[in-house]
Structure formats: structure tokens, C-alpha cells
Amino acid sequence: MNIALLLARAARAHPHAPALAHGTRVLADHATLQVQVARLAGGLHRLGLKPGDRVALVMKNHPAYHVLLLAIWHAGLVAVPIHSKLHPKELGFIFGNCGAQAVFATANTLGACEEGAPLAPGVRHVIDVDAAGFKQLGAGEPVALAERTDADLAWLFYTSGTTGRPKGVMLSHANLMAMTLNYFVNVDTIAREDCIVHAAPMSHGSGIYILPHLAQAACNVVPESGAFEADEIFALCRHYRGVTMFAAPTMVKRLVDAPSSFEPTGLKAPAGLKTIVYGGGPMYVADIKAALARFGQHFAQIYGQGEAPMTITASGKAIHLDTAHPRYDERLGSVGLPFAGVEVMIADDNDVALPTGEVGEICVRGPVIMQGYWQNEAASNSALRNGWLHTGDVGAFDEEGFLTLKDRSKDLIISGGSNIYPREVEEALLTHALVAEVSVIGRPHPEWGEEVVAFVVARPGAAINAAALDAHCIENIARFKRPKQYRFVDSLPKNETGKVLKTALRLQLD
Ligand code: AMP
């Protein structure tokens with residue numbers, strides 16, 4: 001099934017329901033959007049693109065992102081959503097690797113796309129969605145929905161690449177449908193009157209969360225800034241009702257730290273906020289508690305990766321609400337329970353399932369798992385060996401089936417023969433009142449193999465020192481896990497989705 005059928009159905013059942021908005025302005029209902037999409041699909045065919053061809057999107061969040069994605073699928077093409085802040089050389093690599101023939105850009109990315117395109121000889125068109133040419137492309141005759149099989153590719157997602165060259169994760173129409181249906185079982189409900197605000201990059205999780213909302217004929221809202229601005233988000237949550245948004249943990253932190261303009265109403269959160277789905281990186285217990293205290297019970301978590309989009313485990317609102325549970329803190333520190341539609345196994349080095357409580361690699365299988373990496377058989381075979389996706393994440397199940405992530409296997413620190421999970425040390429340091437952010441890595445040590453080093457960002461104006469943090473660790477974690485060195489820094493290096501770049505921190509070690 002072509003995933004764009006979701007729009008055709010919404011247009012038939014709820015033609016006049018709002019489908020797409022820019023800020024508070026509704027741009028199209030579902031019937032209008034359906035016609036725009038079918039016309040733009042015709043324009044894409046006129047560019048010479050044929051079913052299966054790749055189309056790159058290097059755009060900040062923009063209403064045209066929504067229309068283009070649906071038009072690409074309607075036309076039977078494959079969307080290659082790329083983060084808008086990549087370097088021209090990185091863009092050139094991805095264009096060349098996926099063989100993109102057309103690239104769509106926004107004003108802020110056009111220069112980089114034009115610089116990157118010559119590095120990939122296949123690129124024939126670089127189109128600015130704010131220019132007249134884009135309007136003309138969508139002004140012709142509408143075309144019929146292209147036939148697509150379940151296995152045909154819909155979304156070629158380049159892994160964010162905290163190490164090495166990015167690889168193209170191949171997601172099919174059926175993978176996206178599996179992601180969509182799983183949302184309703186384990187994350188949240190969506191009503192027709194609800195909406196999603198795309199403040200996080202649409203090139204990542206927020207973009208595929210278009211689909212559950214489309215399935216319910218709810219509205220997709222793109223903030224006018226095209227970015228993650230706390231004030232604008234709060235204002236949109238006052239204007240709309242039933243607002244969901246996806247946010248990386250660093251974004252949630254920004255909302256928590258933002259001064260609020262809604263508190264005079266006496267409400268904890270702006271009136272229309274329904275759900276913030278967070279995920280994509282570790283959420284520390286201290287941070288989610290601060291978010292719950294600030295905004296109330298509006299949070300659900302997902303754990304996924306490009307290769308299993310948004311769908312490995314989840315903890316819904318009920319888990320965040322159950323404060324009386326004796327293991328409440330452990331549950332908050334976990335990534336929740338496996339989604340209904342996937343199998344999750346903790347495996348040893350031979351892909352044999354380990355008993356409850358034991359730490360091993362997290363492996364996943366089910367209809368949401370990628371088809372493989374684009375034209376990279378070796379990497380595909382390695383990631384998908386024995387029928388399981390090997391996530392590269394390490395974790396353990398508890399008796400009730402909650403999964404706790406330890407760390408990416410490559411981030412594990414082995415010191416004096418003992419395993420030290422950076423996350424445990426980070427969690428402990430973050431409970432210190434003067435610590436704003438922290439990241440822990442291992443440094444080679446001649447005697448111990450590795451030793452623990454912590455990079456610490458202090459709260460603004462806080463006078464903090466290593467002795468105080470050491471004393472705090474002694475109170476909270478085993479002595480062998482304590483950092484041997486603290487580096488005080490103004491900020492931590494992060495990639496475009498807000499993940500801390502431990503590779504960049506390692507380069508700072510002497
Ligand atoms: P990406 O493919 O860029 O989305 O990165 C996926 C990786 O982010 C996963 O393999 C995990 O290491 C991490 N990740 C995703 N969701 C969570 C979560 N809820 N908690 C902790 N780490 C997460």
C-alpha cells in the first residue's frame with residue numbers, strides 16, 4: 001500500500017477538516033491538500049522523475065515540506081530527508097550516495113545545496129520552494145496515486161552519524177505504516193480535532209509523526225519560525241487544542257528552562273498542550289522530573305532509531321503518572337516497554353537471548369525494521385544478521401519488562417576490568433543542584449585500561465568545583481565509577497538532532 005493513501009482517505013472522510021497550518025494560519029483542508037499533492041506529484045513526473053527515484057529535501061521546517069513529502073509518495077518516489085544544517089560537502093556525499101536527481105531547498109539551505117550538488121553528478125534540479133518555479137511545478141494537472149508495494153521504499157533516512165560516514169536507512173511504505181499503527185497502541189491517542197506542532201526537525205522524528213496525525217485526519221502545524229522556539233510553541237499551545245509535539249530531551253530541557261508567558265492563567269502548561277513525546281537520546285531522571293513538575297502529566301517517551309523508526313519501546317503517560325509505584329524512579333530512568341508490534345531481545349555476542357536483568361545488546365525484529373542500508377550490503381548483513389536488527393545499544397530488562405538502556409556499546413568504559421556505564425555517572429552528577437549538563441567518557445589509562453572523565457556545564461553563575469562533585473559522587477555511586485577528572489566547559493558539542501557528540505569530546509582529551 002502507498003502510505004499517501006492516508007491523505008486520500010482523510011480527504012474523502014473529512015474534506016473540510018484543517019490539514020495543514022503555518023503558525024496559526026490554516027493553509028489547507030484535507031480536500032485542498034489532496035489536490036495540491038496530486039498536482040505537485042504531476043510536476044515531479046514532469047521533471048522526469050520515475051517511481052523509485054530519490055528526491056532530497058534539505059529544508060528547514062516549512063509547510064512545503066509537508067506537501068512535498070506527500071507528493072513524493074503520491075508520485076511513487078522516495079523521499080530523502082536531510083538535516084538542514086549539514087555542510088555542502090556532507091550534502092554532496094548524501095546526494096551522490098543516494099543518487100538524488102532533484103533537491104528541494106529553503107532560503108537558508110539553497111547556497112549549501114548549490115555548492116553540494118556539483119559533487120553529485122546525478123543531481124539535475126535544485127529547487128527553492130519559496131521561488132516561483134516551485135509554484136509552477138504544482139500548477140499542472142493532478143495525477144493518480146502511484147501503485148506501491150509494501151516493500152517499495154518511501155523514506156531513505158541518513159543516520160545522523162555521530163561516527164563515520166552516514167548510511168542510508170531504507171524504510172518502506174509498510175515500515176512507515178507499522179510505525180503509524182504502533183503509535184496508537186503504545187504512545188498516545190489522536191482525535192480528529194487534535195494537531196501536531198512540528199518544532200523539532202521534520203527531517204527526523206517529527207516528519208514521520210505526520211503520519212499518525214494524517215491517519216486520524218488531524219492537523220499538521222508548522223511554526224512560522226520553522227524552528228524550536230519556546231515562546232512560539234507556548235503561543236501555539238494556547239491557540240490550538242490537543243497539541244502534540246515530538247521533542248529531543250535537550251528540547252524538553254529548553255522548554256523547562258524557558259520563562260513562561262502562560263502562568264498568569266494559573267495553569268501549569270499552556271491550555272492546549274496534550275502530549276510531548278520525547279526520545280532520540282537519553283532523558284535523565286532529574287530532567288524528566290523537572291519537566292513533569294513544570295508542565296504536569298503531558299509526557300510520553302519513545303526509544304527508537306532510524307533503523308526501527310520511533311518504535312522499539314515506549315513509556316506512555318500512565319507510567320509517568322504512576323508516582324506511587326515503588327519503582328517509579330527506575331521506570332522513569334528506563335525507556336519503557338516494547339511496542340506491541342515488535343519483538344525485543346537482549347542478546348549475548350552469539351545472538352542468544354540473555355535472562356532478565358542481564359546486560360547485552362538490544363536486538364529488535366518486526367514489520368517496522370528497515371529493509372537494510374542503501375547499497376551497502378556488508379553493513380546491512382551485519383546489522384540484520386540472524387533476522388534481528390542489532391541496535392548497537394546496550395541494556396537490560398527488569399522483571400516487569402521495562403528496558404533500561406545502558407549506553408551505546410562503544411561508549412561503555414572498562415576500567416580495571418569493571419564495566420562503567422557513562423549514563424549512570426551522568427545521572428548521578430545531574431542530581432547535583434549546580435550541574436546543568438554533563439557528559440562522561442573514557443580516557444585510555446596505562447594501568448586501568450580506561451579512566452572516567454566528566455565534562456560538566458555548570459548552571460549559570462554557579463561556582464562549582466571538582467571536590468564538591470567528587471563528594472556528591474561518593475554519596476551516590478560506587479567509588480570506582482567516580483570521574484578521575486572534571487572538565488568544566490561552557491557547552492557540550494551536539495549534533496543536529498541534539499545528541500552529545502562524544503567523539504568530539506574524546507578529541508579534546510590530552
Ligand atoms: P537515530 O538513529 O539518529 O535516531 O539515533 C538512535 C539512537 O538514539 C538509539 O540507538 C539510541 O542510542 C538513542 N536513543 C533513541 N531514543 C532514546 C531514548 N528514549 N533514550 C535514550 N537513548 C535513545
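**View 1. Surroundings of His22.** Leaving aside neighbours within four places in sequence, His22 is in contact with Leu27, Pro63, Val222, Pro223 and Glu224. Contact means heavy atoms within 4.5 Å. His22 lies in strand E1, residues 18–22. Its relative accessible area is 18%, so His22 is buried. Buried means under 20% relative accessible area, exposed over 50%, and partly exposed in between, with a 1.4 Å probe and protein chains only. The model is predicted: local features need pLDDT of at least 70, side-chain atom pairs count only at pLDDT 80 or more, and totals for chains, interfaces and linings use all residues. Residues are numbered from 1 along each chain as its sequence is written, and side-chain values use heavy atoms, with hydrogens and water left out.

**View 2. The open sheet.** Nine strands form an open sheet with mixed pairing, in the order E2-E1-E10-E9-E11-E12-E13-E14-E15. Strands E2 (25–29) and E15 (337–338) stand at the edges, each with a single partner strand, so one side of each has no neighbour in the sheet. Helices (H or I, at least four residues) and strands (E, at least two) are DSSP runs, numbered from the N terminus. Two strands pair if DSSP finds at least two bridges between them. Strands E9 (residues 195–197) and E10 (residues 219–222) run parallel, joined by three bridges. Ile196 has Asn220 in E10 as its bridge partner.

**View 3. The E19–E20 hairpin.** Strand E19 (residues 389–397) and E20 pair in the antiparallel sense over five bridges. Ala396 has Thr404 in E20 as its bridge partner. Five residues lie between E19 and E20 in this hairpin, and Gly401 in the turn has a positive phi of about 95 degrees.

View 4. The ligand is surrounded by 16 residues, and the closest are Ile302, Gln305, Gly306, Asp393 and Arg408. A residue is near a molecule if one of its heavy atoms lies within 4 Å of it. Strand E13 (299–305) and strand E20 (403–408) each supply at least two residues of the shell. E13 gives the most, with five residues. By class, the shell has five nonpolar, eight polar and three charged residues. Ala, Val, Leu, Ile, Met, Phe, Trp, Tyr, Cys and Pro count as nonpolar, Asp, Glu, Lys and Arg as charged, and the others, Gly among them, as polar.

**View 5. Polar atoms at the ligand.** A polar side-chain atom of Gln301 lies 3.0 Å from a nitrogen atom of the ligand. A polar backbone atom of Ile302 is 2.9 Å from a ligand nitrogen atom. For Lys499, a polar side-chain atom lies 3.2 Å from an oxygen atom of the ligand. On its own, the ligand has 500 Å² of accessible area, and the protein covers 89% of this. Accessible areas come from the Shrake-Rupley method with a 1.4 Å probe.

View 6. In helix H11 (residues 249–257), the buried residues are Pro249, Met251, Val252, Lys253, Leu255 and Val256. Their cover includes helix H10 (230–239), strand E12 (273–279) and helix H12 (285–295). In helix H16 (residues 422–430), eight of the nine residues are buried, so H16 is largely enclosed by the rest of the structure. Among them are Arg423, Glu426 and Glu427.

**View 7. Two loop residues with positive phi.** Asp351 is not a glycine, yet its phi is positive, about 65 degrees. Asp351 is found in the loop between strand E16 (343–347) and strand E17 (360–365). Its relative accessibility is 13%, so Asp351 counts as buried. Gln375 also has a positive phi, near 45 degrees. The loop between strand E18 (372–373) and helix H15 (377–383) holds Gln375. At 68% relative accessibility, Gln375 counts as exposed.

Terms used. Polar contact = N/O pair within 3.5 Å; in protein donor to acceptor, adjacent residues only side chain to side chain.
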